[in-house]
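Visitor: Please pick one part and take me through it closely. Then link it to other parts, step by step.

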Amino acid sequence: MSEMVKVPGGSYLIGTNSADGFEKDKEGPQVEIQLEAFEISSTTITNQEFQQFVQETGYVTEAEQYGWSYVFHYFLTMEEKLKATEIPGLNWWYAVQGANWKHPEGKSSNLKDRLNHPVVHVSRNDALAYCEWSGTRLPTEAEWEVAAKGGTTYERYPWGEEFLKNNEYHCNIWQGNFPLTNTLRRVLFRSAPAKYYEPNNYGMYQMVGNVWEWCLNPQGIDLEEFQQKSSADFVEKNQTRDDKAYAIRGGSFLCHESYCKRYRIAARNGNTGDSTSNNMGFRVVRQATI
């Protein structure tokens, strides 16, 4: 499994009082919380790591069981689109037969040269199965946010409050005219290798952009709940595999300022626990060792 980074216990601020995001996401008001020390994987779980899990357990993901998963239109040829099912109201997304973690854009795609990329097309339920095998768990939103800050007080990005640093991008999001034209070179027009960009001060790679990351707690809870409940409380009540809505964090390579401004540290979102797509992954945490 990828290297685990220790995040010290203590008092932290989470959330934001700014108006950067969407009111419905409940990014604020900012609150002070107490966290026990924990360890978190320095990268999202990669294809290689997930492949080892599958080889040792024979696990079959939900996308494989369904026989299809969601793929963004940009990665499909016109012929593939005609064979797929366009999603009403979400005409950028297609239900593609044969799309799963081994075939990210459908049957004609594979993991060649992508073993060091984040695994995608994994549901939260799949992520929980991986956690059970690896002796880990999913992070709460509070743990995820504290880890993303890397010991700083930044609320927007792991490298600072301004998006461009030295006039350069430091995360993998959509560049160009969303959703029609992506001006990124080919290595980044979908997911990037898990360690493509520089880490934050804790040694955490790509906490924003690249792929969405599943969290432990339900979607849309008030930030005050992280004051009232410990991580152990969330672990006790949120390990069930189901189709309820749970938090996701970090944004993905499909985020763009014109549409989804959720590639920020304080940004919040969610999805149902059985959902899968070609921009959804996860990282894991465990109790800190002495």
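Guide: Start with exposure: a residue is buried under 20% relative accessible area, exposed over 50%, and partly exposed in between, using a 1.4 Å probe and protein chains only. This is a predicted model, in which local features need pLDDT of at least 70 and side-chain atom pairs count only at pLDDT 80 or more, while totals for chains, interfaces and linings use all residues. Residues are numbered from 1 along each chain as its sequence is written, and side-chain values use heavy atoms, with hydrogens and water left out.

Now take P199. Its relative accessibility is 35%, so P199 counts as partly exposed. Helices (H or I, at least four residues) and strands (E, at least two) are DSSP runs, numbered from the N terminus. P199 sits in the loop that joins β9 (181–182) to β10 (212–218). Contact means heavy atoms within 4.5 Å. Setting aside neighbours within four places in sequence, P199 contacts M204 and Y205. A148 is 51 residues away from P199 in sequence, yet the C-alpha to C-alpha distance is 9.8 Å.

T61 lies in the loop between α1 (47–57) and α2 (62–66). T61 is buried, because its relative accessible area is 0%. Leaving out residues up to four places away in sequence, T61 touches F50, W101 and D126.

F50 takes us into helix α1. Along with N47, E49, F53 and V54, F50 is a buried residue of α1. Look down the helix axis: these buried residues fall within an arc of 165°, so they line one face of α1. That arc is taken from the directions running from the helix axis to the C-beta atoms. Q55 and E56 are exposed on the other side of α1. Helix α4 (124–134) is part of what covers the buried residues of α1. Just after α1 comes G58, with a positive phi of about 75°.

C131 is buried, with a relative accessible area of 3%. C171 is buried too, at 1%. A disulfide is a pair of cysteine sulfur atoms within 2.5 Å. The whole structure holds 0 disulfides. For C131, the closest cysteine sulfur belongs to C215, and at 11 Å it is too far for a bond.

Next, the strands. Two strands pair if DSSP finds at least two bridges between them. Strands β2 (residues 10–14) and β3 are antiparallel partners over 5 bridges. There, S11 stands opposite Q34 in β3. In a regular strand the side chains alternate between the two faces of the sheet.

Finish with an open sheet of 3 strands, in the order β1-β4-β14, with antiparallel pairing. Its edge strands, β1 (4–7) and β14 (285–287), each pair on one side only. From one strand to the next, the twist averages 30°. Strand β4 (residues 38–41) pairs with β14 over 3 bridges. I40 has V285 of β14 as its bridge partner.

Conventions. Axes are lines fitted to C-alpha atoms, for helices over the stretch in contact, and angles run from 0 to 180 degrees between N-to-C directions.
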